[in-house]
Amino acid sequence: MLKFLLTQNLADEVTDVVSDNVIQVSNEAKFVFLNENLGFAVNTGEIYLDNRKTGLYITNDSGKTFTSSNFKYTNENVDYISLESMPYYENNVLKIKCSVYQVNSNKDEYENKDLTFISNDNGLNWNLENN
C-alpha cells in the first residue's frame, strides 16, 4: 500500500492518497511499492544495453533514495529492453516482464521476443529467467 500527499500547487489543500496499485504520473513514469520499503520507479520504460539511459530505479528505504537497477542481458541485435510490467512477486520470486524487438532467426523480418527477468537482491540486479 502506498500513501503520499497530493496537491495541485502550493496554495491548494493537501490530500492524502492511498493506493495498492501502480501510480502513473505521466505516459511513461510509473511508481510501485511492493512493501513498506521496497519500491520501483520507471521513467521511460526502456533499459539501454549500453547503459546510456536507465529506465528502472529501486528504493529500499521507502523512497528516500533511489538507485539504478542493472540488467544482465546481451543481444547484439537490440539496443534496448522494453519494460512490459512493473516488478512483481510470483511464488516469492521478484520478477519483471520485458521484451525486445529483434531480427528473427531467419534474418528476414523483425519480431517481438518476450523476456522475464528475476532478481535475487531485491531488484538491484536482474538476470534472464531460465525457461
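A nonpolar core is a set of buried Ala, Val, Leu, Ile, Met, Phe, Trp, Tyr and Cys residues joined through side-chain atoms within 4.5 Å. The exercises below apply this term and related ones to a predicted model.

**Exercise 1. The overall make-up of the chain**

Task: Determine how many helices and strands the chain contains, and what share of its residues is buried.

Solution. 
1. The secondary structure amounts to 14 strands and zero helices.
2. Of the 131 residues in the chain, 33% are buried.
3. The chain exposes about 8,800 Å², and carbon and sulfur atoms supply 43% of this area.
4. Among contacts with a separation of 6 or more, 37% involve residues 24 or more positions apart.

**Exercise 2. The largest nonpolar core**

Task: Identify which residues of the largest nonpolar core touch the most other members, and state which strand gives the largest share of this core.

Solution. 
1. The core has 20 residues, and those touching the most other members are Phe40, Leu56, Phe71 and Phe117.
2. At least two residues of this core come from each of strand E5 (39-42), strand E7 (56-59), strand E10 (80-83), strand E12 (93-103) and strand E13 (110-119).
3. E12 provides the largest share, four residues.

**Exercise 3. The two faces of strand E10**

Task: Assign the side chains of E10 to its faces, and find the strands that E10 pairs with.

Solution. 
1. In a regular strand, side chains alternate between the two faces of the sheet.
2. Strand E6 (residues 46-48) runs antiparallel to E10 and is joined to it by three bridges.
3. E12 is likewise antiparallel to E10, with two bridges between them.
4. Ser82 takes part on both sides: it is the bridge partner of Glu46, and it stands opposite Ser99 in E12.

**Exercise 4. The surroundings of Ser99**

Task: Decide whether Ser99 is buried or exposed, and name the residue with which its side chain makes a polar contact.

Solution. 
1. The relative accessibility of Ser99 is 6%. Buried means under 20% relative accessible area, so Ser99 counts as buried.
2. Ser99 lies in strand E12.
3. Leaving aside residues up to four places away in sequence, Ser99 touches Ile81, Ser82, Glu84, Lys113, Asp114 and Leu115.
4. The side chain of Glu84 makes a polar contact with the side chain of Ser99, at 2.6 Å.

**Exercise 5. Two aromatic pairs**

Task: Classify the ring pair Phe71 and Phe117 and the ring pair Tyr101 and Tyr110 as stacked or edge-to-face.

Solution. 
1. A pair of aromatic rings is described by the distance of the centres and the angle of the planes.
2. The whole structure holds six aromatic pairs. In that of Phe71 and Phe117, the centres are 5.2 Å apart and the planes stand at 80°, so the pair is edge-to-face.
3. Phe71 belongs to strand E9 (residues 70-72) and Phe117 to strand E13, so this pair ties together parts that are 46 residues apart in sequence.
4. Phe71 and Phe117 are both buried.
5. For Tyr101 and Tyr110, the centres are 5.3 Å apart and the planes are at 15°; the pair is therefore stacked.
6. Tyr101 counts as exposed because its relative accessibility is 52%. Tyr110 is exposed too, with a relative accessible area of 52%.
7. Phe71 and Phe117 also belong to one aromatic cluster together with Phe40, Tyr73 and Trp126.

Terms used:
Residues are numbered from 1 along each chain as its sequence is written. This is a predicted model: local features need pLDDT of at least 70, side-chain atom pairs count only at pLDDT 80 or more; totals for chains, interfaces and linings use all residues. Side-chain values use heavy atoms; hydrogens and water are left out. Buried means under 20% relative accessible area, exposed over 50%, partly exposed in between (1.4 Å probe, protein chains only). Two strands pair if DSSP finds at least two bridges between them. Contact means heavy atoms within 4.5 Å. Accessible areas come from the Shrake-Rupley method with a 1.4 Å probe; for residues, only the protein chains shown count as cover. A polar contact is a pair of N or O atoms within 3.5 Å; within protein, one must be able to donate a hydrogen and the other to accept it, and residues adjacent in sequence count only if both atoms are side-chain atoms. Rings of Phe, Tyr and Trp (its six-membered ring) pair if their centres lie within 6.5 Å; planes under 30 degrees apart count as stacked, over 60 as edge-to-face and the rest as tilted.
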